[in-house]
Amino acid sequence: MALRRRQAQVPLLRLFQTMAEVRAFEEALGDLYRRGLISGELHLGIGEEGAIVGVVDHLRDGDSIAIDHRSTPPLVARGTDLQALALEMLGHPEGLCHGQGGHMHLFDPDRLAASSGIVGAAACTACGFALAHQQQRAGSVAVAFFGEGAANQGMLLEALNLASVWRLPVLFVCKDSRWAITTRSARMTGGSLTRRARAFGLPAAEVDGHRPWAVWKAAARAIDRARQGRGASFLVVRVKRPRGHFEDDELVRVARHPREALRESRRLLAGTLGCRGSEAGERALGLMEVTRTITTAMGEQLTPSHDPLVVTARRLAPQDVAAIRSEATRKVDEAISAALAIAGAPS
Amino acid sequence: MTGARRGRELGLGEAGDFAIEHAMADDPRVIVFGEDVPMIRRNLLVRFGPNRVRGTPISESAFLGAGVGAAMAGLRPIVEVMLVDFLAVGLSALQNEAGKLETFSGGRWKVPIVVRATCGGGYGDAGQHEQALWGLLAGIPGLSVVVPSNPADAAGLMRAAIEAEGPVVYLEHKLLSAMWLEWLAGSRRRNVTFDVPPAGATGMVPDPPEVVPIGKARVCREGADLAIMSVGVGVHRSLAAAERLAATHHLEATVIDLRTVTPLDVAAICRAAAQTRRVLVVDEDFIAFGLSGEIAAVIAEAEPVVRFARVATEQTIPYARALEAAILPSAERIVARSLALCA
């Protein structure tokens, strides 16, 4: 009953609002990175908003989230204080984790939200969260976010099995961008991910991340099931990764700038000729593999038809869209400016 | 030393590749595989082809274990794990397989695998991506662990690692590798800076690369007042500290680049300890149960009346650059500990 009612009422306006905030915050972080105020590898979740928000919208007090290295979007969606997040990025003592964790190691104990930079770890942590839910707070659920690259990690596959045999209240959300760093995932993944999950006895579905309402509906089914004690589910959400693996991604730079691409291909051509190595056929195959990766990366843009914000906005009244986006920008700007002021950096 | 020897100027990361290129051209058994290897090592891919230069899924347990099996069955795999931190995910392949097989087989079966990984901090990536971990790995009997501090050693130790009959973990420090700094630290940004020791990041490499024997330390500087021992970036921090100690405190330090964490060059360590009677270990790895404690034990067994101190990383490496700089071994901390040791 509850399920049917909620399916009928996808809170599209609220999803858009949260996605707008997530996007604005990610873009602001990109700016801070370019200003040299954020160190290390910054993995932004631009393109993933629909996957994140469509799931997190269902969470309530007592639920938990285990997150991968793209850790800000789920926290922003869950309502973690933006200023505390921004200060953490700046490595400030007043940051969410006192400047100790940074963007890859964000922890919000108040919301039972934990991230990890180790690929696949989130699925295991979520199983543990779910066990605690099962034993101490029946009706609450755990969500794990990870990429399709992580789906080849042994610990993740072990976690799927564990969740199945322990009937854990967990939803595994696989954000499928088709890229694992510079590797085209299809080349490194045998079979299909949903079939893998089903083989462990988990119900599995696949939806488009640029249709947040579809994500929301699929997540509603899985989370209701988990809340009722009927076990774990697996959801693949197809997303785009327009900025590459991290900011300043070399592959994106080479793919987007014809001069860089030309220089790189000249360099590689020179490298393949004239020195001792394998026979010509093998070298040609090697050259083709690199070229294929670069040309595939050229196509990885966030086109309007794959941008969850653009696609959702088309279903809303234009004045609502404008108001929500400007409010999101204002809220994020305010948090970033306050954080910069506290950290003593110019706005 | 003849001045006419052939060589080329390379970065530390390039020097490792240079040794691999030579080995791959000489020996068809040498293959390279690991995460993102087709892009990261595309120089090798276009020269040796996808059969010998292979990408892997993000499956450390599987491909490290496969590396061990491949080495047992006739190949000479160089298995690349992007960051040593990720090695923890597939550690069993080293701890329970590679390190044990020679003994378990009664010496009848050897595992000539090289595991190549980056290590070390100093660019604000925090403790899941910046650990040293050579102490953890050196605690596994049967493994060799090498940590070059300059390009010539990087090429020479890589060549030695590939030629070795047993498993070798080869760790290259990210601060010394321009490619990794660009990748992981966004070093193309003009508004970020890193304390990169120039002598470690680029230098002359003999062409063809000359073997630097595993287990052989190098004396970088000689002095009678104390001996500072380190590996990787720590060697350069130690040398900088030694210059300051000489200039402002009239203390002359011997500086030893251990180059290999295991097997330790016990003879070189004990010689320096006997000569100076004061030993300071500079270790970017965690302070407890690691390299610094091991050196103390080795010295205590041989030279009981040596004063000992250490500068090491004493906690999980934090994200904030300022916090990170305060906890990683620095020339300042080395000078301060040296003065206390010599007081």
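Start in chain B, where V32(B) stands opposite I78(B) of β4(B). This is a predicted model, so please take what follows as computed from that model.

Now to another pairing of β4(B). Strand β5 of chain B, residues 114–119, also runs parallel to β4(B), and the link again consists of five bridges. Here the pair to look at is V81(B), which has A117(B) in β5(B) opposite.

Is β4(B) enclosed or open? Strand β4 of chain B covers residues 76–83, and seven of those eight residues are buried, so the rest of the structure largely encloses the strand. As a reminder on strands, side chains in a regular strand alternate between the two faces of the sheet.

Next, the interface. How many residues of chain B are in contact with chain A? The count is 44 on chain B, against 48 residues on chain A. On the chain B side, the elements that each supply at least two residues are α2 (37–40), α3 (42–48), β3 (53–56), α4 (60–72), α10 (178–185) and α15 (321–327). The largest share is that of α3(B), with six residues. By class, this side of chain B has 23 nonpolar residues, 12 polar and nine charged.

Now chain A on its own. Its secondary structure comprises 14 helices and nine strands. The C-alpha trace spans about 70 × 55 × 40 Å along its principal axes. As for contacts in chain A between residues at least 6 apart in sequence, 74% join residues at least 24 apart.

Last, the domains. The assignment for chain A gives domain 1 as 2–244 + 317–343, and domain 2 as 250–298. Their C-alpha centres are 35 Å apart. What does the contact between them consist of? Four residues of domain 1 of chain A are in contact with four residues of domain 2 of chain A. On the domain 1 side, two of these are polar, two are charged and none is nonpolar.

That is the end of my part.

Key:
Residues are numbered from 1 along each chain as its sequence is written. Chains are lettered from A and ligands numbered from 1 in the order in which they are written. This is a predicted model: local features need pLDDT of at least 70, side-chain atom pairs count only at pLDDT 80 or more; totals for chains, interfaces and linings use all residues. Two residues are in contact if their C-beta atoms, placed from the backbone, lie within 7 Å. Helices (H or I, at least four residues) and strands (E, at least two) are DSSP runs, numbered from the N terminus. Ala, Val, Leu, Ile, Met, Phe, Trp, Tyr, Cys and Pro count as nonpolar, Asp, Glu, Lys and Arg as charged, and the others, Gly among them, as polar. A residue is buried if 20 or more other C-beta atoms lie within 10 Å of its own, exposed if 12 or fewer, and partly exposed in between; C-beta atoms are placed from the backbone. Two strands pair if DSSP finds at least two bridges between them. Domain bounds come from an automatic or database domain assignment.
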